[in-house]
Amino acid sequence: MTLPYRVRVLLLRILIHVVAWLIAFAWLLPFLGVVMAAVRPMEEIIHGWWNFQTVHFTLKNFIEAWNHPSVPMSRGVVNSLIVAVPSSFLPLLVGALAAYAFSRFSFPLRDLLFLLIVLLMAIPPQTIGIPLFLLMNQLGLIDTFIGIILFHSANALPWIILFLRNYLETVPRELEDAARVDGASDIMVFFRIVLPVMKPALFAVLALQFSWVWSDFFYALILIYSPDKLLASQRIPLMKGEYHVPWGTLCAASIIMCSVPVILYAFLQKYFVRGIVGGTIRG
């Protein structure tokens, strides 16, 4: 006996919701364990964080992680902000200018150059570790914030140019043409018309780039060495003791580490989805 169409649609929706909730639960379960380990003392989670026979919530682990005697997260957060903020805004401006040029102007070898930029995204990060170290060492930029900022800015340009160029392809050109008729230069058109229109895409790029730079460990491990310059991502593994693993402190430091991008996404969520859709789908 065939079920009515409405019943089949209802059952399909129920199945989709069940599967979605199961996947969400599978993703949230480990994070819940990290949270429980961060807000409870070690003696309560030693036999499993899911044991709630005795529960005492505390901020001691966060205080210990923030004021760690050798690798305090307070200094790591400051260092990561020093790197992540300029590494997000600098490639955003340069990438927006380049995307505008690729989208609106014709020049020799434009398509070939754009293809080359896109192909740069396919380079595995592990393959450039040694060349990156040698280059930065020759330039005297090893163990400097300027060196890692310049690298992250250059490394982000290919995907930012591709993303913003695709977004611009969905934007009508009538406003730009009207501004040029009124005597506006290309620079004026870009800053007064194009940039405001690109706001959703720019905020989406800003959130993604900041998160990737903030969470980076591989390149930071290559370029930063001084204890006082270590980024937040480098400090968490160093909190592991020689004979004892302070799981609560490690979990608290991890939450501190991931809270900054989460806050940024919360502030930019109004534009994020619009920017992502416009930057990945050409209209």
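Student: In this predicted model, which helix holds the place of S87?
Tutor: The model is a predicted one, and its local features are read with that in mind. The helix that covers residues 73-104 includes the place of S87, and this helix is α4.

Student: Which residue has its backbone oxygen 2.6 Å from a polar atom of the side chain of S87?
Tutor: Beyond its neighbours within four places in sequence, S87 is in contact with residues including I148, H152 and Q209. The backbone oxygen that lies 2.6 Å from a polar atom of the S87 side chain, however, belongs to V83.

Student: How far apart are the end C-alpha atoms of helix α7?
Tutor: Helix α7 runs through residues 145-169, and at 1.5 Å a residue its 25 residues should span 36 Å.

Student: Where in α7 does a kink of about 40° lie?
Tutor: Helix α7 is largely enclosed by the rest of the structure, because 18 of its 25 residues are buried. Its kink of about 40° comes shortly before the proline P158, at L157.

Student: Which helix gives the largest share of the lining of the largest pocket?
Tutor: The largest pocket holds about 630 Å³ of space, and among the residues closest to its centre are N155, A156 and P158. Helices α7, α10 and α11 each supply at least two lining residues. The largest share, 9 residues, comes from α7.

Notes. Residues numbered from 1 in each chain as written. Predicted model: local features only at pLDDT ≥ 70, side-chain atom pairs only at ≥ 80, totals over all residues. Heavy atoms only, no water. Helix = DSSP H or I, 4+ residues; strand = E, 2+ residues; numbered from the N terminus. Expected span 1.5 Å × (residues − 1). Bend = angle between axes of the 7 residues up to and from the residue. Buried < 20%, exposed > 50% of the residue type's maximum accessible area, 1.4 Å probe, protein only. Polar contact = N/O pair within 3.5 Å; in protein donor to acceptor, adjacent residues only side chain to side chain. Contact = heavy atoms within 4.5 Å. 1 Å grid on protein atoms, 1.4 Å probe; cavity = no way out; pocket = protein on both sides within 12 Å on 5 of 7 lines; lining within 4 Å. Points joined across faces, edges and corners; volume = space filled by probe spheres on them.
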